[in-house]
Amino acid sequence: MKFAVSLTMERFSPDAPMSRVKSNLLELARIADGGGFETLWTAEHHTIECTISPNPFQTLTWLGQHTEQIRLGTSTLVAPYWSPIRLAGEAALCDHLTDGRLEFGIARGSYQYEFDRMAGGMPQQEGVAYLKELVPAVRKLWQGDYTHDGHYWKFPLATAVPKPLQQPHPPIWVAARDPGTFDWAISIGANILSTPLSAPAAEIQVLADKFEKAVADHPEVPRPRFMMQRRTCVYDKTEDWQLAVQHSMDYGRTFENLMQNIGAVRDGFPEAVPFESVRGKDNYNPDNICKNLMFGTPDEVIEKLLAYEAAGVDQYCLGLTFNLPFELQKKTLRLFVDEVMPFFAARERDRQRAVVSGR
């Protein structure tokens, strides 16, 4: 199992200057690059300060100039916000500007607040139809001249300029939680991005079962990769859990606002829905949050990660963007690099030795 990190620029107060927000992201990216993380993922969001990424290709191109090895992924582009020609060209140029390190992650989209401003108010659930038309069109444009006559887009003969550096194209990843999206994504040869959100650990295997069924149903397709992401915080002592849990709960109430469009957003800053509106829900129970999310000491985190490894997850992604204090974000990365990743690297070496000796 490899490891990735999800990062973006985030402001939760107008008192936080963009210069500091930008430098924080760069410092975290450099720690992840030097620490051996496989991929840095960053999101696409609009008009909200808690996730500043109107064009993730710009962010990744910038980070590519300050990192050496880490792959750079969009997690995720929002399909209804793009046209095929523009997306194909921008992604391919980003691939060149990052020396072939682009990972192309895309989704139907999630925040209804954004859909009301970026997609004419359509229900975000309808974004999946855009996704299914957009991705094959982009792949055709990467190949060469292509004419498109679809439901959402129509254009005469055109091609992507430039073509991607990676051939035939950058790895494609699709965000999925429902069986239909798993099946479609794997049928077109895409890798899978998924998350158990705040659900108990059993949800890890539920998602893995959906993945495995889709793989089994498409034996004609080479086995794709499977990434899973959770909010993550690693700390020195077990009793330090309260700070991570509190930030997760506060961020969750902001998330509820944007997902359901049930709160105010003032000058780009979403208001958290009142705690009374979520009181009693299992995913706002502090004990459940501490147990279900990737919160813990290095030893506790290793124990939780074994469930992901057992479920066949190829890449575990640390979700660090939920208004954790910057110093705690740095500590999480450093503890993960120094005390968690070596455990799994040793397991991989042991497996390789066993394979060799078995021959």
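Colleague: Why is Thr59 called buried?

Modeller: This is a predicted model. Thr59 has a relative accessible area of 9%, and buried means under 20%, so Thr59 counts as buried. Thr59 sits in helix 2.

Colleague: Which residues does Thr59 touch, not counting residues up to four places away in sequence?

Modeller: Thr59 touches Met9, Leu25, Thr42 and Ser53. Leu25 is itself one of the buried residues of helix 1.

Colleague: What makes Arg334 partly exposed?

Modeller: The relative accessible area of Arg334 is 40%. Buried is under 20% and exposed is over 50%, so 40% falls in between and Arg334 is partly exposed. Arg334 lies in helix 11.

Colleague: Which residues does Arg334 touch, leaving out residues up to four places away in sequence?

Modeller: Arg334 touches Glu27 and Ile31. The C-alpha atoms of Arg334 and Leu28 are separated by 9.8 Å, although these residues are 306 residues apart along the chain.

Colleague: How do you know that the span of helix 1 agrees with what it should be?

Modeller: Helix 1 covers residues 18-35, which is 18 residues. At 1.5 Å a residue the helix should span 26 Å, and its end C-alpha atoms are 26 Å apart, so the two agree. After helix 1 comes Gly36, with a positive phi near 95°.

Colleague: What do the buried residues of helix 1 pack against?

Modeller: They pack against strand 1 (2-6), strand 2 (39-42), helix 2 (56-64) and helix 11 (326-358). Among these buried residues are Val21, Leu28 and Ile31.

Technical notes
Residues numbered from 1 in each chain as written. Predicted model: local features only at pLDDT ≥ 70, side-chain atom pairs only at ≥ 80, totals over all residues. Heavy atoms only, no water. Helix = DSSP H or I, 4+ residues; strand = E, 2+ residues; numbered from the N terminus. Expected span 1.5 Å × (residues − 1). Buried < 20%, exposed > 50% of the residue type's maximum accessible area, 1.4 Å probe, protein only. Contact = heavy atoms within 4.5 Å.
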